[in-house]
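Hello,

Please find the structure below. My notes on it follow.

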Amino acid sequence: MKEQILLLFEDCKVVTGYQRSAIYDLCRHEFKFIPNSLAQIINEFKGKPLNDLLSAFPEKDQPVIQEYLNFLVQNEYIHFCDADEVGLFPKLNEEFRSAGEISNAIIELSPVTISAFESIIDQLTAQGCSHLELRTDETYTLSELSAVLSQLKDAPIRSVSLVVRYSPDFDPTTLGHLMADHPRLISILVHSAKEAMFDAKRSIRFYKDSLPQLIQNKLPTPRSFNVNSQLYFENLAYNTFFNKKVCIDAAGQWKNSLEIDHHFGNIASTSLQDVLQNIEFKKLWSVKKDDIHVCKDCEFRHLCVDARTPLQKDETTWYFDTACHYNPYLAKWQHEEGYQSVGESVRDSL
């Protein structure tokens, strides 16, 4: 009988955390938790003969090893092949590829940005931008919003999201008509509303929270996680919130994020092309989760999009000055019993 080689399916990725690990199934868009001991076994013995794994553990551990193997096989995370067949299963190219310098942008609607809207869109699309978020904390009518969206008619923007302040003429029906008139409008979030509503079919959300409250609460949650190959590959090398993103605030200033004070010039005097030539503008793009304190120990780090701005501690270390709602050292979310913030749990362990 030929020697069997243990192979991990290439679209199944093991991500090790402090307390536990996870297997991301990129094809099925889901993940499952596994013990760190199993993650270690997979990483050590994938691509090696099955007998090497079985002989590495004493008799008393064999039931656990068999249980692990059954779990991996039943969930189609691993498979076996003959030694001469290994070459038939090539490695997956994990390089993140995205056309253009800019993939997405956020524009804060104001008289300044609306008056220059056509020029802004021309500059964004020239750099490859395909997704646009239009955001405002001011009140706009449906006709005013429609007029702005109409300027995108001939632009190669693939999708648009709206984040707008509540107006009495906003309801799921009227906003549904707006989406029907502008097919690239894929979602609408209404903040400061009188009551919360959610139209799942058309992705229309009403929140009672103000825009600053929604931004403040925009920390990662289990519901925000999205398992897919593009996000995973991007997360390996880049910051998935800042990478290839540009923002323009109400005053017309180019920024990495609307929540950051620092800007890189104004649309009235500085072109996007000039902004992209500024080394500092792209600095946050490559601050990946593996570089950030606490995040680097989290099993969710390669499926997480985190809007917080990383701060630099030294040449190789970054951190956040606000705590996440998840503590990887306890493997607990804020709403779960026994949760402590990272600062509390670390302090108690000293």
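Val-15 stands opposite Ala-22, a residue of β3. This is a predicted model, in which local features need pLDDT of at least 70 and side-chain atom pairs count only at pLDDT 80 or more, while totals for chains, interfaces and linings use all residues. Residues are numbered from 1 along each chain as its sequence is written, and side-chain values use heavy atoms, with hydrogens and water left out.

Strand β2 (residues 12-16) pairs with β3 in the antiparallel sense, over five bridges; two strands pair if DSSP finds at least two bridges between them. Strands (E, at least two residues) and helices (H or I, at least four) are DSSP runs, numbered from the N terminus. Four residues lie between β2 and β3, which form a hairpin.

On to the next strand: β3 and β4 (residues 30-34) run antiparallel and are joined by five bridges. Asp-25 has Glu-30 of β4 as its bridge partner. The hairpin of β3 and β4 also has four residues between the strands, and His-29 there takes a positive phi near 60 degrees.

How much of β3 is buried? Five of the five residues of β3 (residues 21-25) are, where buried means under 20% relative accessible area, exposed over 50% and partly exposed in between (1.4 Å probe, protein chains only). In a regular strand, side chains alternate between the two faces of the sheet. Here both faces of β3 are covered, with Ser-21, Ile-23 and Asp-25 buried on one side and Ala-22 and Tyr-24 on the other.

Helices α1 and α3

Helix α1 (residues 36-45) packs against helix α3 (residues 62-74) at an angle of about 75 degrees, and their axes are 11 Å apart. The α1 helix is therefore roughly perpendicular to α3, a label used for angles of 65 to 115 degrees. Axes are lines fitted to C-alpha atoms, for helices over the stretch in contact, and angles run from 0 to 180 degrees between N-to-C directions.

From α1, Ser-37, Leu-38, Ile-41 and Ile-42 make the contact, and from α3, Ile-65, Tyr-68, Phe-71 and Leu-72; contact means heavy atoms within 4.5 Å.

Cysteines

There are zero disulfides in the structure, a disulfide being a pair of cysteine sulfur atoms within 2.5 Å. For Cys-295, the closest cysteine sulfur is in Cys-304, 6.7 Å away and too far for a bond. Cys-304 is in no disulfide either, and the cysteine sulfur nearest to it, that of Cys-324, is 6.4 Å away. Cys-295 is buried at a relative accessible area of 10%, and Cys-304 is buried at 7%.

Regards

Definitions and conventions
Parallel < 35°, antiparallel > 145°, perpendicular 65-115°, else oblique.
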